[in-house]
Amino acid sequence: MADRILETRCAIAGGGPAGMMLGFLLARAGIDVTVLEKHADFFRDFRGDTIHPSTLELMAELGLLEKFLALPHQEVRELWAQIGPDRLPLADFSRIHTRCKFIALMPQWDFLNFLADEARAFPNFHLLMETEATGLIEEGGKVVGISATGPDGPLDIRAPLSVACDGRHSTLREAARLEVEDFGAPMDVLWFRVSRQESDPADTFGHAEAGRLMVLLNRGDYWQCAYIIRKGSRETLENAGIEKFRADVAAISPFLAGRMEEIKGWDDVKLLTVKVDRLARWHRPGLLLIGDAAHAMSPIGGVGVNLAVQDAVAAANIVARPLAGGDAADSVLAEVERRREFPTKVVQAMQTFIQKRLIGALLDTSKPLHAPRVLRLLAGIPALRGIPARFVGIGVRPEHIRTGVGHP
């Protein structure tokens with residue numbers, strides 16, 4: 001039995017973008033909420049650092065945009081691709097109808113700390129750091145809380161609603177015994193950083209050559225680099241040596257060649273194992289799953305963080321009033337799933353198509369590359385660049401804040 005028992009209206013496992021946004025919105029609406037975060041802080045490198053126009057629009061609706069953008073960040077107003085010798089514009093965010101016509105590049109820990117600080121203004125918000133969800137508390141076929149381990153030992157957090165936001169390796173998803181559909185992925189990603197010089201390109205862009213693909217994010221004084229590899233090939237690359245990896249990176253982006261010694265060893269290169277999956281059912285009585293716990297996304301388009309935030313907003317809009325009145329029935333949780341399942345399916349379908357038909361084929365080819373006709377069309381007709389900009393920047397079925405301050 002747990003050493004401590006806490007009671008709250010909503011217990012949230014996971015202090016990532018979905019968990020922190022949901023906790024903030026529910027506390028803002030006057031509902032007692034407890035968020036569990038297993039780490040001592042939010043500092044983790046190479047997490048999703050892209051804050052899209054859809055999320056910036058939510059910050060504006062909350063009256064927090066100016067304060068949020070006072071944090072250090074970079075602004076991406078166009079997306080470019082270099083395919084072999086062809087350098088082409090792909091997306092132009094000036095063509096979308098939002099207040100902020102750019103993607104903000106910001107360390108995720110700054111985003112999460114910002115949400116935590118805003119949420120702490122409400123006395124009914126409780127954030128338990130170094131507290132890891134370990135399982136579900138069930139009674140009579142219903143989830144009635146979360147069991148956890150914190151700095152002072154085991155504890156139970158009992159609540160009418162528990163929400164799993166504990167990521168793609170969700171402990172609570174496994175404990176709930178929910179069916180997962182795995183769509184596979186032919187690739188993984190190696191993340192690393194290299195210093196940036198004034199003579200470098202200014203844009204954030206993707207660079208593809210025969211058998212190689214890399215995305216470079218301009219972070220001001222450094223490049224955050226995503227080097228795409230075949231699924232499960234990390235060990236083979238390591239066996240070939242760090243010198244070979246440095247040479248491969250320099251071959252695709254020669255302007256980085258003189259800086260590759262900054263990659264001292266494999267400890268400087270972090271592996272993201274790419275997964276694309278989705279729960280067949282996102283809820284059980286007393287339990288809701290959102291964000292990566294409900295649907296792991298590919299890094300294509302950098303939309304994972306923003307989809308998780310959209311899930312949180314939809315969940316708050318739908319469950320706040322029932323929770324304030326007593327309970328969130330299973331039919332209410334089903335409404336959250338219905339609201340968010342369609343945009344999730346659309347984005348995952350697009351991601352799996354790109355992964356299998358484009359990226360997989362590119363990694364396997366040895367032929368010289370040239371830009372396909374559809375990308376040349378985007379380059380030749382500027383108005384068309386608003387289409388990918390809207391899909392990436394706003395997405396499918398964007399959410400808006402419906403909860404108030406002090407009431408649902």
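Is Arg-340 buried or exposed in this predicted model? Arg-340 is buried, as its relative accessible area is 0%; the cut-offs are under 20% for buried and over 50% for exposed, with partly exposed in between (1.4 Å probe, protein chains only). Some bookkeeping comes before the rest. Residues are numbered from 1 along each chain as its sequence is written. The model is predicted, so local features need pLDDT of at least 70 and side-chain atom pairs count only at pLDDT 80 or more, while totals for chains, interfaces and linings use all residues, and side-chain values use heavy atoms, with hydrogens and water left out.

On to the overall picture. The protein chain holds 11 helices and 22 strands, both taken as DSSP runs numbered from the N terminus (helices H or I, at least four residues; strands E, at least two). The C-alpha trace spans about 60 × 45 × 35 Å along its principal axes. With 408 residues, a compact globule would have a radius of gyration near 22 Å, and the chain agrees at 22 Å; the radius is taken over C-alpha atoms, and the globule rule is 2.2 Å times the number of residues to the power 0.38. Buried residues account for 55% of the 408. Of the contacts (heavy atoms within 4.5 Å) between residues at least 6 apart in sequence, 75% join residues at least 24 apart. The chain exposes about 17,100 Å², with carbon and sulfur atoms supplying 53% of that area; accessible areas come from the Shrake-Rupley method with a 1.4 Å probe, and for residues only the protein chains shown count as cover.

The structure holds 27 salt bridges, each being a side-chain nitrogen of Lys or Arg within 4 Å of a carboxyl oxygen of Asp or Glu. Arg-340 forms one with Glu-399, the closest N and O atoms being 2.9 Å apart. Glu-399 sits in the segment after helix 11 and Arg-340 in helix 9, so the pair ties together parts that are 59 residues apart in sequence. Glu-399 is buried too, with a relative accessible area of 5%. Lys-345 is partly exposed at 39%. Salt bridges with shared partners also join Asp-311, Arg-339, Arg-340 and Glu-399 into one network.

A further salt bridge links Asp-277 and Arg-173, at 3.6 Å from N to O. Asp-277 belongs to strand 20 (residues 277–279) and Arg-173 to helix 5 (residues 171–176), so this pair ties together parts that are 104 residues apart in sequence. Asp-277 counts as buried at 2% relative accessibility, and Arg-173 is buried at 9%.

Helix 9 (residues 330–364) also contains Leu-358, which is partly exposed at 49% relative accessibility. Together with Met-350 and Phe-353, Leu-358 makes a nonpolar surface patch of about 290 Å². Patches are built from residues with over 30% relative accessible area and no salt bridge, with like charges joined within 9 Å and nonpolar side chains (Val, Leu, Ile, Met, Phe, Trp, Tyr) within 5 Å.

Now for the strands. Strand 10 (residues 132–139) and strand 11 (residues 142–150) pair in the antiparallel sense over seven bridges; pairing requires that DSSP finds at least two bridges between two strands. Ala-133 has Ala-148 in strand 11 as its bridge partner. The two strands form a hairpin with two residues between them, and Gly-140 in the turn has a positive phi of about 60°. In the loop between strand 9 (125–129) and strand 10, Glu-130 has a positive phi of about 55° although it is not a glycine. An open sheet of three strands runs in the order 4-8-5, with antiparallel pairing. Its edges are strand 4 (50–51) and strand 5 (74–76), each pairing on one side only. Ile-51 has Ala-104 in strand 8 as its bridge partner.

The buried residues of helix 7 (residues 242–252) include Phe-245, Arg-246 and Asp-248, and their cover includes strand 15 (187–195) and strand 16 (205–209).
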